[in-house]
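We will go from the core to a loop and then to a pocket.

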Amino acid sequence: MEQQTMTSGRPLGAALKPRQLTMMGLGSAIGAGLFLGSGAGIQAAGPAVLISYLVAGTLIILVMWALGEMAAANPDSGAFSVYTAKAYGPVAGATVGWLWWLQLVVVIAAEALGAAVLLATIFPALPVWLMAFVFIVLLTAVNLTSVKNFGEFEFWFALLKVVAIVGFLLVGAALLFGWLPGVQSPGLSNFAGAGFAPSGFAGIATALFVVAFAFGGTEIVSVAAAETAEPARSVKKAVRTVLWRILVFYIGAIFVIAAVVPVGSEGLKSPFAAVLEAAGMPGAATAITLVAVAALLSALNANLYGASRMAYSLAERGEAPRLLASVSKARVPVVAVLASVAFGVVTVVLELAFPELVLAVLLNIVGSTCLLVWTSALLAQLALRLRADREGTELPLRMPGFPWLTVFGLVILAAIFTVGFIGEDSRPQLLSTFALVALLAVANWMNHRNRKVAPVRESSERAKEPVLID
(Lines give C-alpha, C1' and ligand atoms only; values in the text may rest on other atoms or scores of the structure.)
Protein backbone atom coordinates (compact mmCIF):
# COMPACT_ATOMS: atom_id res chain seq x y z
CA MET A 1 0.00 0.00 0.00
CA GLU A 2 1.33 3.43 -0.95
CA GLN A 3 2.36 5.42 2.09
CA GLN A 4 1.53 9.08 2.55
CA THR A 5 3.49 11.97 3.90
CA MET A 6 1.78 15.02 5.35
CA THR A 7 3.00 18.19 3.74
CA SER A 8 1.58 21.40 5.16
CA GLY A 9 -1.46 19.48 6.35
CA ARG A 10 -2.34 17.80 3.02
CA PRO A 11 -1.43 14.30 1.82
CA LEU A 12 1.00 13.68 -0.99
CA GLY A 13 2.18 10.27 -2.14
CA ALA A 14 5.29 8.83 -0.51
CA ALA A 15 6.18 6.27 -3.13
CA LEU A 16 9.67 7.49 -4.04
CA LYS A 17 12.28 4.87 -3.18
CA PRO A 18 15.71 5.61 -1.65
CA ARG A 19 17.46 4.49 -4.85
CA GLN A 20 15.32 6.90 -6.86
CA LEU A 21 16.07 9.81 -4.53
CA THR A 22 19.80 9.01 -4.61
CA MET A 23 19.89 8.76 -8.39
CA MET A 24 17.78 11.91 -8.70
CA GLY A 25 20.32 13.85 -6.64
CA LEU A 26 23.15 12.51 -8.74
CA GLY A 27 21.41 12.96 -12.08
CA SER A 28 20.23 16.50 -11.33
CA ALA A 29 23.85 17.62 -11.02
CA ILE A 30 24.91 15.87 -14.24
CA GLY A 31 23.13 17.87 -16.89
CA ALA A 32 23.65 19.60 -20.18
CA GLY A 33 25.80 22.14 -18.32
CA LEU A 34 28.45 19.45 -17.95
CA PHE A 35 28.05 17.76 -21.34
CA LEU A 36 27.88 20.96 -23.41
CA GLY A 37 28.86 23.88 -21.18
CA SER A 38 32.04 22.64 -19.52
CA GLY A 39 34.12 23.89 -22.44
CA ALA A 40 33.27 27.52 -21.54
CA GLY A 41 34.94 27.14 -18.15
CA ILE A 42 38.08 25.64 -19.68
CA GLN A 43 38.18 28.40 -22.27
CA ALA A 44 38.08 31.01 -19.49
CA ALA A 45 40.63 29.48 -17.11
CA GLY A 46 42.46 26.72 -18.97
CA PRO A 47 43.14 23.50 -17.01
CA ALA A 48 43.09 25.65 -13.86
CA VAL A 49 39.30 25.44 -14.19
CA LEU A 50 39.75 22.36 -11.99
CA ILE A 51 40.23 24.79 -9.09
CA SER A 52 36.95 26.50 -9.99
CA TYR A 53 35.15 23.15 -10.06
CA LEU A 54 36.66 22.14 -6.72
CA VAL A 55 35.45 25.37 -5.12
CA ALA A 56 31.98 25.12 -6.69
CA GLY A 57 31.81 21.40 -5.82
CA THR A 58 32.71 22.16 -2.21
CA LEU A 59 29.93 24.75 -2.12
CA ILE A 60 27.30 22.34 -3.41
CA ILE A 61 28.41 19.70 -0.89
CA LEU A 62 27.87 22.21 1.92
CA VAL A 63 24.49 23.25 0.52
CA MET A 64 23.38 19.61 0.19
CA TRP A 65 24.46 18.88 3.76
CA ALA A 66 22.47 21.89 4.97
CA LEU A 67 19.38 20.96 2.96
CA GLY A 68 19.73 17.31 3.96
CA GLU A 69 19.81 18.22 7.65
CA MET A 70 16.63 20.30 7.35
CA ALA A 71 14.82 17.87 5.02
CA ALA A 72 15.53 14.89 7.29
CA ALA A 73 14.12 16.78 10.27
CA ASN A 74 11.17 18.30 8.39
CA PRO A 75 10.40 16.75 4.98
CA ASP A 76 8.25 19.24 3.10
CA SER A 77 7.53 19.80 -0.58
CA GLY A 78 8.26 23.49 -0.01
CA ALA A 79 11.75 22.56 1.21
CA PHE A 80 14.05 25.60 1.41
CA SER A 81 11.06 27.94 1.02
CA VAL A 82 9.49 26.47 4.16
CA TYR A 83 12.81 26.42 6.03
CA THR A 84 13.44 30.09 5.14
CA ALA A 85 9.94 30.92 6.38
CA LYS A 86 10.59 29.12 9.68
CA ALA A 87 13.88 30.97 10.11
CA TYR A 88 13.12 34.46 8.79
CA GLY A 89 9.36 34.77 8.38
CA PRO A 90 6.67 33.95 5.78
CA VAL A 91 7.49 36.83 3.41
CA ALA A 92 11.10 35.65 3.03
CA GLY A 93 9.96 32.04 2.58
CA ALA A 94 7.34 32.92 -0.04
CA THR A 95 9.82 35.11 -1.93
CA VAL A 96 12.33 32.26 -2.18
CA GLY A 97 9.60 29.82 -3.20
CA TRP A 98 8.20 32.00 -5.97
CA LEU A 99 11.71 32.84 -7.19
CA TRP A 100 12.57 29.17 -7.56
CA TRP A 101 9.23 28.39 -9.22
CA LEU A 102 9.77 31.14 -11.81
CA GLN A 103 13.26 29.86 -12.53
CA LEU A 104 12.01 26.32 -13.12
CA VAL A 105 9.11 27.20 -15.39
CA VAL A 106 11.38 29.35 -17.57
CA VAL A 107 14.02 26.63 -17.68
CA ILE A 108 11.36 24.05 -18.64
CA ALA A 109 10.82 25.98 -21.88
CA ALA A 110 14.57 26.31 -22.46
CA GLU A 111 15.11 22.58 -21.96
CA ALA A 112 12.28 21.55 -24.28
CA LEU A 113 13.60 23.82 -27.04
CA GLY A 114 17.22 22.87 -26.36
CA ALA A 115 16.50 19.15 -26.62
CA ALA A 116 14.51 19.68 -29.82
CA VAL A 117 17.25 21.78 -31.43
CA LEU A 118 19.92 19.20 -30.55
CA LEU A 119 17.83 16.32 -31.89
CA ALA A 120 17.21 18.28 -35.10
CA THR A 121 20.95 18.19 -35.80
CA ILE A 122 20.62 14.39 -36.11
CA PHE A 123 17.12 14.27 -37.60
CA PRO A 124 16.76 17.55 -39.53
CA ALA A 125 13.44 16.49 -41.07
CA LEU A 126 11.70 16.71 -37.67
CA PRO A 127 10.30 20.20 -36.91
CA VAL A 128 11.74 21.76 -33.76
CA TRP A 129 8.36 23.07 -32.59
CA LEU A 130 6.77 19.63 -32.90
CA MET A 131 9.54 17.87 -30.96
CA ALA A 132 9.46 20.51 -28.20
CA PHE A 133 5.68 20.10 -27.92
CA VAL A 134 5.94 16.28 -27.82
CA PHE A 135 8.61 16.42 -25.10
CA ILE A 136 6.46 18.68 -22.92
CA VAL A 137 3.30 16.58 -23.41
CA LEU A 138 5.06 13.27 -22.65
CA LEU A 139 6.81 14.50 -19.52
CA THR A 140 3.67 16.24 -18.30
CA ALA A 141 1.89 12.90 -18.62
CA VAL A 142 4.67 11.24 -16.60
CA ASN A 143 4.27 13.86 -13.85
CA LEU A 144 0.47 13.55 -13.81
CA THR A 145 0.28 9.77 -13.32
CA SER A 146 1.95 9.26 -9.93
CA VAL A 147 5.12 10.18 -8.10
CA LYS A 148 6.18 6.53 -8.38
CA ASN A 149 6.17 6.73 -12.19
CA PHE A 150 8.03 10.05 -12.08
CA GLY A 151 10.68 8.56 -9.78
CA GLU A 152 11.20 5.50 -11.97
CA PHE A 153 11.38 7.60 -15.13
CA GLU A 154 13.93 9.94 -13.53
CA PHE A 155 15.91 6.99 -12.16
CA TRP A 156 16.54 5.57 -15.63
CA PHE A 157 17.24 9.01 -17.10
CA ALA A 158 19.85 9.63 -14.40
CA LEU A 159 21.31 6.14 -14.77
CA LEU A 160 21.86 6.77 -18.49
CA LYS A 161 23.83 9.93 -17.68
CA VAL A 162 25.88 8.16 -15.01
CA VAL A 163 26.71 5.28 -17.36
CA ALA A 164 27.74 7.82 -20.03
CA ILE A 165 30.06 9.60 -17.59
CA VAL A 166 31.61 6.34 -16.35
CA GLY A 167 32.17 5.21 -19.95
CA PHE A 168 33.71 8.57 -20.79
CA LEU A 169 36.08 8.37 -17.81
CA LEU A 170 37.19 4.86 -18.82
CA VAL A 171 37.87 5.95 -22.41
CA GLY A 172 39.66 9.07 -21.16
CA ALA A 173 41.86 7.05 -18.81
CA ALA A 174 42.75 4.62 -21.60
CA LEU A 175 43.60 7.56 -23.90
CA LEU A 176 45.81 9.33 -21.35
CA PHE A 177 47.65 6.15 -20.37
CA GLY A 178 48.24 5.22 -24.04
CA TRP A 179 46.25 2.00 -23.88
CA LEU A 180 44.29 2.62 -27.08
CA PRO A 181 45.81 0.89 -30.14
CA GLY A 182 46.93 3.27 -32.87
CA VAL A 183 46.19 6.37 -30.77
CA GLN A 184 48.97 8.43 -29.22
CA SER A 185 48.45 9.67 -25.68
CA PRO A 186 48.36 13.48 -25.37
CA GLY A 187 49.95 13.18 -21.92
CA LEU A 188 49.70 16.09 -19.51
CA SER A 189 51.39 18.73 -21.63
CA ASN A 190 48.34 21.03 -21.31
CA PHE A 191 49.02 21.28 -17.58
CA ALA A 192 52.67 22.32 -17.98
CA GLY A 193 53.96 25.81 -17.18
CA ALA A 194 51.85 28.85 -17.92
CA GLY A 195 49.44 26.68 -19.91
CA PHE A 196 47.82 25.52 -16.67
CA ALA A 197 46.36 28.96 -15.88
CA PRO A 198 46.84 31.10 -19.02
CA SER A 199 44.56 33.85 -17.67
CA GLY A 200 45.82 33.67 -14.09
CA PHE A 201 43.59 34.20 -11.07
CA ALA A 202 41.16 36.36 -13.07
CA GLY A 203 40.40 33.40 -15.36
CA ILE A 204 39.83 31.07 -12.40
CA ALA A 205 37.49 33.61 -10.79
CA THR A 206 35.55 34.11 -14.03
CA ALA A 207 35.24 30.38 -14.52
CA LEU A 208 33.99 30.01 -10.94
CA PHE A 209 30.95 32.13 -11.76
CA VAL A 210 30.37 30.08 -14.94
CA VAL A 211 30.76 26.61 -13.45
CA ALA A 212 28.69 27.30 -10.30
CA PHE A 213 25.56 27.03 -12.42
CA ALA A 214 26.55 23.55 -13.60
CA PHE A 215 25.56 22.22 -10.17
CA GLY A 216 22.12 23.84 -10.27
CA GLY A 217 19.26 21.43 -9.66
CA THR A 218 20.72 19.42 -6.78
CA GLU A 219 18.37 21.25 -4.40
CA ILE A 220 15.45 19.27 -5.84
CA VAL A 221 16.44 16.37 -3.56
CA SER A 222 15.15 18.34 -0.57
CA VAL A 223 11.80 18.84 -2.35
CA ALA A 224 11.47 15.15 -3.29
CA ALA A 225 12.27 14.06 0.27
CA ALA A 226 8.67 14.88 1.24
CA GLU A 227 7.39 12.10 -1.03
CA THR A 228 9.90 9.46 0.01
CA ALA A 229 9.18 6.54 2.29
CA GLU A 230 11.23 6.94 5.49
CA PRO A 231 12.41 10.43 4.47
CA ALA A 232 15.01 10.82 7.23
CA ARG A 233 16.76 7.57 6.29
CA SER A 234 16.40 8.18 2.53
CA VAL A 235 17.80 11.72 2.72
CA LYS A 236 20.78 10.62 4.82
CA LYS A 237 21.63 7.93 2.29
CA ALA A 238 21.14 10.24 -0.70
CA VAL A 239 23.29 13.03 0.73
CA ARG A 240 26.15 10.76 1.78
CA THR A 241 26.12 8.82 -1.51
CA VAL A 242 25.72 11.73 -3.89
CA LEU A 243 28.36 14.07 -2.50
CA TRP A 244 31.53 12.15 -3.27
CA ARG A 245 30.18 10.87 -6.59
CA ILE A 246 29.49 14.40 -7.82
CA LEU A 247 33.11 15.38 -7.21
CA VAL A 248 34.49 12.20 -8.78
CA PHE A 249 32.37 12.53 -11.92
CA TYR A 250 32.81 16.27 -12.36
CA ILE A 251 36.48 16.57 -11.48
CA GLY A 252 37.31 13.38 -13.37
CA ALA A 253 35.52 14.47 -16.53
CA ILE A 254 36.97 18.00 -16.48
CA PHE A 255 40.48 16.63 -15.86
CA VAL A 256 40.21 14.39 -18.94
CA ILE A 257 38.84 17.20 -21.13
CA ALA A 258 41.47 19.72 -19.97
CA ALA A 259 44.25 17.20 -20.62
CA VAL A 260 43.07 16.26 -24.13
CA VAL A 261 41.54 19.47 -25.56
CA PRO A 262 43.83 22.54 -25.56
CA VAL A 263 42.59 26.04 -24.73
CA GLY A 264 41.44 27.85 -27.88
CA SER A 265 40.44 24.64 -29.64
CA GLU A 266 37.16 24.49 -31.55
CA GLY A 267 36.61 21.18 -29.77
CA LEU A 268 35.68 23.02 -26.57
CA LYS A 269 32.30 23.81 -28.14
CA SER A 270 31.48 20.11 -27.64
CA PRO A 271 34.25 18.92 -25.30
CA PHE A 272 33.03 15.37 -24.68
CA ALA A 273 32.74 14.70 -28.41
CA ALA A 274 36.24 16.17 -28.94
CA VAL A 275 37.76 13.73 -26.43
CA LEU A 276 35.97 10.72 -27.93
CA GLU A 277 37.04 11.75 -31.43
CA ALA A 278 40.64 12.07 -30.22
CA ALA A 279 40.30 8.51 -28.92
CA GLY A 280 39.23 7.36 -32.37
CA MET A 281 35.66 6.57 -31.34
CA PRO A 282 33.31 6.59 -34.39
CA GLY A 283 30.01 8.39 -34.06
CA ALA A 284 31.21 10.29 -30.98
CA ALA A 285 29.38 13.53 -31.81
CA THR A 286 26.07 11.72 -32.37
CA ALA A 287 26.40 9.72 -29.17
CA ILE A 288 27.14 12.79 -27.04
CA THR A 289 24.30 14.71 -28.69
CA LEU A 290 21.85 11.95 -27.75
CA VAL A 291 23.17 11.88 -24.17
CA ALA A 292 22.80 15.67 -24.00
CA VAL A 293 19.19 15.37 -25.23
CA ALA A 294 18.55 12.80 -22.49
CA ALA A 295 20.16 15.15 -19.95
CA LEU A 296 17.89 18.01 -21.01
CA LEU A 297 14.76 15.85 -20.91
CA SER A 298 15.75 14.52 -17.49
CA ALA A 299 16.15 18.09 -16.24
CA LEU A 300 12.79 19.06 -17.78
CA ASN A 301 11.11 16.11 -16.04
CA ALA A 302 12.69 16.95 -12.66
CA ASN A 303 12.07 20.69 -12.97
CA LEU A 304 8.38 20.17 -13.78
CA TYR A 305 8.12 17.99 -10.69
CA GLY A 306 9.94 20.56 -8.54
CA ALA A 307 7.90 23.50 -9.85
CA SER A 308 4.59 21.73 -9.22
CA ARG A 309 5.54 20.76 -5.66
CA MET A 310 6.69 24.27 -4.85
CA ALA A 311 3.45 25.73 -6.24
CA TYR A 312 1.50 23.18 -4.17
CA SER A 313 3.39 24.12 -1.01
CA LEU A 314 2.91 27.85 -1.62
CA ALA A 315 -0.84 27.29 -2.07
CA GLU A 316 -1.00 25.24 1.12
CA ARG A 317 0.57 28.13 3.02
CA GLY A 318 -1.77 30.71 1.49
CA GLU A 319 1.00 32.20 -0.66
CA ALA A 320 -0.64 31.13 -3.95
CA PRO A 321 -4.21 30.45 -5.19
CA ARG A 322 -5.75 27.62 -3.15
CA LEU A 323 -6.67 25.74 -6.34
CA LEU A 324 -2.97 24.86 -6.80
CA ALA A 325 -3.20 22.65 -3.70
CA SER A 326 -5.71 20.29 -5.35
CA VAL A 327 -4.53 16.68 -5.16
CA SER A 328 -5.69 13.80 -7.38
CA LYS A 329 -6.47 10.25 -6.28
CA ALA A 330 -2.91 9.37 -7.30
CA ARG A 331 -1.69 11.97 -4.76
CA VAL A 332 -0.46 14.32 -7.49
CA PRO A 333 -1.05 18.11 -7.38
CA VAL A 334 -2.61 18.12 -10.86
CA VAL A 335 -3.47 21.83 -11.10
CA ALA A 336 0.02 22.78 -9.92
CA VAL A 337 1.56 20.54 -12.60
CA LEU A 338 -0.64 21.99 -15.35
CA ALA A 339 -0.08 25.58 -14.20
CA SER A 340 3.69 25.06 -14.18
CA VAL A 341 3.79 23.48 -17.62
CA ALA A 342 1.39 26.09 -19.06
CA PHE A 343 3.94 28.84 -18.49
CA GLY A 344 6.54 26.72 -20.28
CA VAL A 345 4.25 26.09 -23.26
CA VAL A 346 3.44 29.79 -23.64
CA THR A 347 7.14 30.63 -23.45
CA VAL A 348 7.98 28.03 -26.11
CA VAL A 349 5.31 29.45 -28.45
CA LEU A 350 6.56 33.03 -27.92
CA GLU A 351 10.17 31.96 -28.45
CA LEU A 352 9.29 30.23 -31.72
CA ALA A 353 7.36 33.33 -32.82
CA PHE A 354 10.12 35.74 -31.72
CA PRO A 355 13.40 33.76 -31.85
CA GLU A 356 16.14 34.63 -29.33
CA LEU A 357 14.04 37.36 -27.77
CA VAL A 358 11.52 36.19 -25.15
CA LEU A 359 13.40 33.21 -23.72
CA ALA A 360 16.75 35.02 -23.66
CA VAL A 361 15.26 37.86 -21.61
CA LEU A 362 13.53 35.49 -19.18
CA LEU A 363 16.66 33.38 -18.71
CA ASN A 364 18.68 36.51 -18.01
CA ILE A 365 16.20 37.57 -15.31
CA VAL A 366 16.20 34.22 -13.49
CA GLY A 367 19.78 33.29 -14.38
CA SER A 368 21.24 33.71 -10.88
CA THR A 369 18.30 32.27 -8.96
CA CYS A 370 20.13 29.12 -7.88
CA LEU A 371 22.80 31.22 -6.12
CA LEU A 372 20.11 33.02 -4.10
CA VAL A 373 18.35 29.73 -3.29
CA TRP A 374 21.62 28.24 -2.02
CA THR A 375 22.22 31.38 0.04
CA SER A 376 18.76 31.13 1.59
CA ALA A 377 19.33 27.43 2.36
CA LEU A 378 22.59 28.08 4.21
CA LEU A 379 21.16 31.08 6.10
CA ALA A 380 18.06 29.06 7.08
CA GLN A 381 20.15 26.11 8.25
CA LEU A 382 22.36 28.43 10.28
CA ALA A 383 19.35 29.90 12.11
CA LEU A 384 17.39 26.64 12.54
CA ARG A 385 20.39 24.62 13.69
CA LEU A 386 21.28 27.25 16.29
CA ARG A 387 17.66 27.17 17.44
CA ALA A 388 17.60 23.35 17.60
CA ASP A 389 20.87 23.21 19.54
CA ARG A 390 19.64 25.89 21.92
CA GLU A 391 16.40 23.98 22.57
CA GLY A 392 18.12 20.58 22.74
CA THR A 393 16.23 19.19 19.73
CA GLU A 394 17.50 15.87 18.35
CA LEU A 395 18.14 15.90 14.59
CA PRO A 396 18.14 12.76 12.37
CA LEU A 397 21.00 14.18 10.29
CA ARG A 398 23.50 16.74 11.51
CA MET A 399 25.75 18.74 9.20
CA PRO A 400 29.36 18.26 10.33
CA GLY A 401 31.62 21.19 11.23
CA PHE A 402 28.73 23.46 12.18
CA PRO A 403 28.67 26.47 12.18
CA TRP A 404 32.04 26.97 10.50
CA LEU A 405 31.29 24.99 7.33
CA THR A 406 27.96 26.79 6.89
CA VAL A 407 29.74 30.14 7.21
CA PHE A 408 32.42 28.93 4.80
CA GLY A 409 29.70 28.13 2.24
CA LEU A 410 28.31 31.65 2.62
CA VAL A 411 31.80 33.09 2.10
CA ILE A 412 32.14 31.12 -1.16
CA LEU A 413 28.77 32.45 -2.30
CA ALA A 414 29.80 36.00 -1.42
CA ALA A 415 32.93 35.51 -3.55
CA ILE A 416 30.86 34.24 -6.49
CA PHE A 417 28.48 37.21 -6.22
CA THR A 418 31.47 39.59 -6.08
CA VAL A 419 32.99 38.07 -9.20
CA GLY A 420 29.61 38.26 -10.91
CA PHE A 421 29.16 41.95 -10.14
CA ILE A 422 32.69 42.73 -11.35
CA GLY A 423 32.16 40.98 -14.70
CA GLU A 424 30.52 43.11 -17.38
CA ASP A 425 28.69 40.13 -18.88
CA SER A 426 27.35 38.73 -15.60
CA ARG A 427 26.48 42.02 -13.84
CA PRO A 428 23.20 42.64 -15.78
CA GLN A 429 22.06 39.10 -14.99
CA LEU A 430 22.63 39.56 -11.26
CA LEU A 431 20.97 42.98 -11.24
CA SER A 432 17.93 41.58 -13.10
CA THR A 433 17.61 38.71 -10.62
CA PHE A 434 17.90 41.05 -7.62
CA ALA A 435 15.25 43.33 -9.14
CA LEU A 436 12.95 40.31 -9.51
CA VAL A 437 13.57 39.38 -5.85
CA ALA A 438 12.62 42.92 -4.78
CA LEU A 439 9.36 42.77 -6.77
CA LEU A 440 8.46 39.36 -5.34
CA ALA A 441 9.25 40.50 -1.80
CA VAL A 442 6.96 43.53 -2.16
CA ALA A 443 4.18 41.42 -3.68
CA ASN A 444 4.41 38.84 -0.89
CA TRP A 445 4.51 41.55 1.79
CA MET A 446 1.33 43.08 0.34
CA ASN A 447 -0.29 39.65 0.22
CA HIS A 448 0.43 39.12 3.92
CA ARG A 449 -0.76 42.61 4.78
CA ASN A 450 -4.05 42.03 2.96
CA ARG A 451 -4.53 38.64 4.62
CA LYS A 452 -4.11 40.25 8.04
CA VAL A 453 -6.54 43.08 7.24
CA ALA A 454 -9.29 40.83 5.81
CA PRO A 455 -10.11 38.96 9.07
CA VAL A 456 -10.24 42.28 10.95
CA ARG A 457 -12.78 43.64 8.44
CA GLU A 458 -14.89 40.49 8.70
CA SER A 459 -14.91 40.76 12.51
CA SER A 460 -15.93 44.43 12.32
CA GLU A 461 -18.79 43.65 9.93
CA ARG A 462 -20.06 40.92 12.24
CA ALA A 463 -19.88 43.30 15.22
CA LYS A 464 -22.14 45.78 13.40
CA GLU A 465 -24.86 43.19 12.77
CA PRO A 466 -27.93 43.60 15.03
CA VAL A 467 -28.28 41.15 17.86
CA LEU A 468 -31.69 39.43 17.71
CA ILE A 469 -33.24 38.55 21.05
CA ASP A 470 -36.23 36.27 21.32
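Contact here means heavy atoms within 4.5 Å. The model is predicted. With that cut-off in hand, select L371.

Now widen the view to the core. The largest nonpolar core has 153 residues. L371 is among the members that touch the most other members, along with F80, F168, F272 and W374. Helix α13, residues 284-316, gives the most to this core, with 19 residues. In soluble globular proteins, nonpolar side chains tend to be buried together.

Next, move to a loop. S146 sits between α7 (128-145) and α8 (147-176). Is S146 buried or exposed? S146 counts as buried because its relative accessibility is 13%, and buried means under 20%. Beyond its neighbours within four places in sequence, S146 is in contact with A330 and V332.

Finally, turn to the open space. The largest pocket has a volume of about 1,300 Å³. Its lining counts 46 residues. G33, V107, E111, F213 and L363 lie nearest the pocket centre.

Which helix supplies the largest share of the lining of the largest pocket? That is α6, with nine residues. Helices that each supply at least two lining residues include α1 (18-29), α2 (32-35), α9 (200-212), α14 (334-353) and α15 (358-366). Helices α8 and α13 are also among them. By class, the lining has 26 nonpolar, 14 polar and six charged residues.

Note on methods
Residues are numbered from 1 along each chain as its sequence is written. This is a predicted model: local features need pLDDT of at least 70, side-chain atom pairs count only at pLDDT 80 or more; totals for chains, interfaces and linings use all residues. Side-chain values use heavy atoms; hydrogens and water are left out. A nonpolar core is a set of buried Ala, Val, Leu, Ile, Met, Phe, Trp, Tyr and Cys residues joined through side-chain atoms within 4.5 Å. Buried means under 20% relative accessible area, exposed over 50%, partly exposed in between (1.4 Å probe, protein chains only). Helices (H or I, at least four residues) and strands (E, at least two) are DSSP runs, numbered from the N terminus. On a 1 Å grid over the protein atoms alone, a cavity is a set of points where a 1.4 Å probe fits but cannot get out, and a pocket is an open set with protein on both sides within 12 Å along at least five of seven lines; lining residues have an atom within 4 Å of a point. Grid points are joined across faces, edges and corners, and a volume is the space filled by probe spheres set on the points. Ala, Val, Leu, Ile, Met, Phe, Trp, Tyr, Cys and Pro count as nonpolar, Asp, Glu, Lys and Arg as charged, and the others, Gly among them, as polar.
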